[in-house]
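Student: I am new to reading structures. Please take me through some features, one by one.

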Amino acid sequence: MTDSPSPLRILLTNDDGIDAPGIAAMREELTAVGDVTVVAPAENQSGVGRARNERAVRRDHPWGYALEGTPADCVAYGLRGLDADFDIVVSGINDGPNAGNYVVGRSGTVGAGVEAAFLGTPAIAVSSYHARDFFCHPPEEYDFSRPARVARALTERVFGTDVFDEVDLLNVNAPADVPSPRMRVTRPFADYDQQVDHHADAGALPDGDREHDLDDGEVYVRLQDVSWPDAVGFENPFPLDDEHRDRYPVGSDRRAMVDGEVSVSPLAVHHGNATDPRLASIVESLSEQVE
């Protein structure tokens with residue numbers, strides 16, 4: 001009689017906070033295939049990337065722990081602060097997509113996976129989008145069961161293979177509303193701009209932006225990401241027309257989203273390095289001149 005395989009030891013986190021519906025759906029699915037420990041932010045930490053803190057308050061939670069910190073803090077604590085070993089880190093489900101080079105770099109969901117990879121543990125970051133509404137917001141009005149099933153199946157299939165010999169992190173964007181979506185290996189597509197607005201009169205700002213009155217010589221500057229350039233609607237480009245379908249090539253994460261597919265982008269977190277003989281020549285010449 002052969003022993004049955006040991007269940008996966010899974011560390012689960014997110015960036016929307018431990019009480020978000022996305023992480024609840026993810027935990028429900030993952031408990032069917034492994035032992036799940038949750039270490040997640042006590043509050044919403046969207047958009048913090050891989051920011052870290054030196055100190056954090058930990059609170060007991062029925063699923064594990066809530067940490068007054070970032071998603072990367074949660075992963076660092078889970079992998080090094082608990083008396084437990086983990087096979088894989090799963091981050092999500094985020095209530096909105098994380099696609100495109102720039103967005104991926106800013107994402108707390110992906111940042112948790114990057115932290116795991118640097119600490120030597122493979123990771124899967126999972127985000128959900130809606131093929132009509134784009135963002136799943138407010139999240140309480142959306143069903144995350146489809147993205148959770150996709151993430152569970154992917155976690156089961158890739159672990160124990162040689163996928164993570166070369167890949168540090170899988171970044172997944174799955175539709176919440178498409179039955180049986182096609183899954184496609186993709187790459188993050190670089191398409192980004194920035195809109196800057198200046199306001200000299202604080203009274204003209206929305207209430208949420210009025211932090212203080214402006215003094216002489218002060219101007220309120222608002223920096224707004226334009227993560228889907230030339231799309232109608234701030235941070236909500238859907239529905240996209242054929243022009244946008246042509247703009248994003250097949251194989252890119254954004255094209256997969258336009259087509260209602262599951263985007264799986266394999267990422268390496270070492271940031272790589274580029275070589276250029278011209279730079280080497282400049283540095284060599286400067287090294288002879290600088291005293």
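Tutor: Start with W228, which is buried at a relative accessible area of 7%. Buried means under 20% relative accessible area, exposed over 50%, and partly exposed in between (1.4 Å probe, protein chains only). This is a predicted model: local features need pLDDT of at least 70, side-chain atom pairs count only at pLDDT 80 or more, and totals for chains, interfaces and linings use all residues. Residues are numbered from 1 along each chain as its sequence is written, and side-chain values use heavy atoms, with hydrogens and water left out.

Student: How many aromatic pairs does the structure hold?

Tutor: Rings of Phe, Tyr and Trp (its six-membered ring) pair if their centres lie within 6.5 Å; planes under 30 degrees apart count as stacked, over 60 as edge-to-face and the rest as tilted. The structure holds 6 such pairs. One of them joins Y102 and Y192: the ring centres are 3.6 Å apart and the planes at 15°, so the pair is stacked.

Student: Which parts does the pair of Y102 and Y192 tie together?

Tutor: Helices (H or I, at least four residues) and strands (E, at least two) are DSSP runs, numbered from the N terminus. Y102 lies in helix α3 (residues 101-106), and Y192 in the loop between β8 and β9 (193-199), so the pair ties together parts 90 residues apart in sequence. Y102 is partly exposed, at 30% relative accessible area. Y192 is partly exposed, at 30% relative accessibility.

Student: What kind of pair do F134 and W228 form?

Tutor: F134 and W228 are edge-to-face, with 5.6 Å centre to centre and 85° between the planes. The pair links distant parts of the chain, 94 residues apart: F134 is in the loop between β6 (123-129) and α5 (145-158), W228 in the loop between β10 and α7 (242-247). F134 is buried, with a relative accessible area of 2%.

Student: Which residues form one aromatic cluster?

Tutor: F134, F135, F189, W228 and Y248 form it.

Student: Now a polar contact. What joins the side chains of R184 and E261?

Tutor: A polar contact is a pair of N or O atoms within 3.5 Å; within protein, one must be able to donate a hydrogen and the other to accept it, and residues adjacent in sequence count only if both atoms are side-chain atoms. The side chains of R184 and E261 are joined by one of 2.8 Å. R184 sits in strand β8 (residues 183-185).
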